[in-house]
Amino acid sequence: MNNDKEQITSNEKSEDVLADLSKDEHSGEETSSPESSGKKTFTDTDGSDSVNADVAAKPSILRRIILIAAICVFCYSAFMLFQIFWEYKKGNDIYDTIQNQVLDTDTPTSVTLDDEEVEIPFVYDHKQLLSINSEGLGYLYIPSIDVRLPMVQSTDNDFYLTHTFNKNGCLFEDYRITGGLSATNVIIYGHNMHNGSMFGKLSRYDDESFYYTEGHDMFYIYTENKIMQYRIFSAYISEPVSDTYTFNFSTLSGLQDYARSMKALSIYNTGVSVDDVSQVVTLSTCTSDGSKRFIVQGAYVGEALLTY
């Protein structure tokens with residue numbers, strides 16, 4: 001009888017051991033201790049917690065890298081924008097200084113052109129302009145877009161693309177043209193500045209209603225001893241290399257054929273006759289994407305001699 005009790009006790013102990021072994025085979029081992037006040041805890045025995053921690057750390061590192069990269073891009077972009085606007089400011093400051101030296105904006109110039117009284121809102125000092133830059137030609141005045149800027153002609157078409165008048169960009173006549181402002185086709189280049197300076201507003205002439213606003217069909221060139229008036233007869237988009245950039249015509253008939261061809265390219269009909277034109281002024285600037293050129297062309301109307 002005692003043997004039977006011992007056998008039963010032994011079997012119960014064996015079942016307890018097997019139960020314990022069965023628990024050990026699971027990923028989490030159930031343990032208890034007196035300190036746990038009867039609460040059960042589980043201990044990881046296969047290292048899965050450390051793996052999960054590594055996996056969780058990787059997205060955190062990636063997010064930091066992306067954040068740092070975004071901050072770097074932002075700082076670089078901000079610096080470039082600052083540099084661009086600083087260059088614009090320097091250019092504007094330079095031309096404001098030149099204008100203060102060369103133009104008397106308190107005194108208008110009144111002349112008769114094409115049998116009409118015309119008032120230019122300043123007096124221009126050509127000698128003062130030449131004292132700043134000996135390559136100066138005169139002042140271009142376009143009332144509709146408030147352009148009043150000095151023009152130059154150098155020995156190439158590259159220098160004044162990146163330099164201001166007093167040696168960032170400047171209006172300049174094609175160096176290959178002979179005769180300066182007396183040439184048959186005076187081609188003037190200027191940057192399409194994003195802040196609207198130089199020829200930044202010239203593209204407004206792609207709008208017919210803008211052209212037909214009173215007074216918007218005229219522009220002027222002010223030189224040492226005269227003011228010349230031009231009536232716009234064509235506005236269009238051209239390829240960078242095209243017949244637009246034809247100059248040094250040897251005959252008047254050749255110039256007039258050219259003017260008729262350019263008028264046919266206009267976005268709208270200006271109604272201006274160029275059959276008897278004796279001189280053309282071509283204003284050229286880049287389109288917004290830089291791939292083409294926006295052109296405004298004026299025909300010579302007349303001039304007024306200055307006696308002072």
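The model is predicted, so to speak of local features a pLDDT of at least 70 is needed, side-chain atom pairs count only at pLDDT 80 or more, and totals for chains, interfaces and linings use all residues. Residues are numbered from 1 along each chain as its sequence is written, and side-chain values use heavy atoms, with hydrogens and water left out.

**Exercise 1. The overall inventory**

Find how many helices and strands the protein chain has, and what percentage of its residues are buried.

*Step 1.* Start with the elements: helices (H or I, at least four residues) and strands (E, at least two) are DSSP runs, numbered from the N terminus. The protein chain holds five helices and 14 strands.

*Step 2.* Turn to burial, where buried means under 20% relative accessible area, exposed means over 50%, and partly exposed lies in between (1.4 Å probe, protein chains only). Of the 308 residues in the protein chain, 37% are buried.

**Exercise 2. The nonpolar cores**

Work out which residues touch the most other members of the largest nonpolar core.

*Step 1.* Recall the term: a nonpolar core is a set of buried Ala, Val, Leu, Ile, Met, Phe, Trp, Tyr and Cys residues joined through side-chain atoms within 4.5 Å.

*Step 2.* The largest core has 52 residues, and L140, I142, L202, Y205 and L283 touch the most other members. Strand β12 (residues 226-238) gives this core its largest share, six residues.

*Step 3.* Another core, of 18 residues, lies apart from the largest one, and its members include V111, V118, Y124 and L306.

**Exercise 3. Strand β7 and its partners**

Decide whether strand β7 is mostly covered or uncovered, and find which strands pair with β7.

*Step 1.* Strand β7 (residues 136-142) is mostly covered, as seven of its seven residues are buried.

*Step 2.* Look for pairing, which needs at least two DSSP bridges between two strands. Strand β8 (residues 147-153) runs antiparallel to β7 and is joined to β7 by six bridges; G138 has M151 in β8 as its bridge partner.

*Step 3.* The hairpin of β7 and β8 has four residues between the strands, and there D146 takes a positive phi near 50°.

*Step 4.* β11 also pairs with β7, in the antiparallel sense over three bridges, with Y220 of β11 as the bridge partner of Y141.

**Exercise 4. Strand β10, face by face**

Find which residues lie on each side of β10, and in what sense β10 pairs with β9 and with β13.

*Step 1.* In a regular strand the side chains alternate between the two faces of the sheet. In β10, N185, I187 and Y189 are on one side, V186 and I188 are on the other, and all are buried.

*Step 2.* Strand β9 (residues 171-173) pairs with β10 in the antiparallel sense over two bridges, and E173 stands opposite I188.

*Step 3.* Strand β13 (residues 280-286) pairs with β10 in the parallel sense over five bridges, where V280 is the bridge partner of N185.

**Exercise 5. Salt bridges and cysteines**

*Step 1.* A salt bridge puts a side-chain nitrogen of Lys or Arg within 4 Å of a carboxyl oxygen of Asp or Glu.

*Step 2.* R176 and D174 form one, with the closest N and O atoms 2.7 Å apart; R176 is partly exposed at 41% relative accessibility, while D174 is buried at 0%.

*Step 3.* R231 and D217 form another, at 3.6 Å, and D114, D217 and R231 are linked in a network.

*Step 4.* A disulfide needs two cysteine sulfur atoms within 2.5 Å, and the structure has zero.
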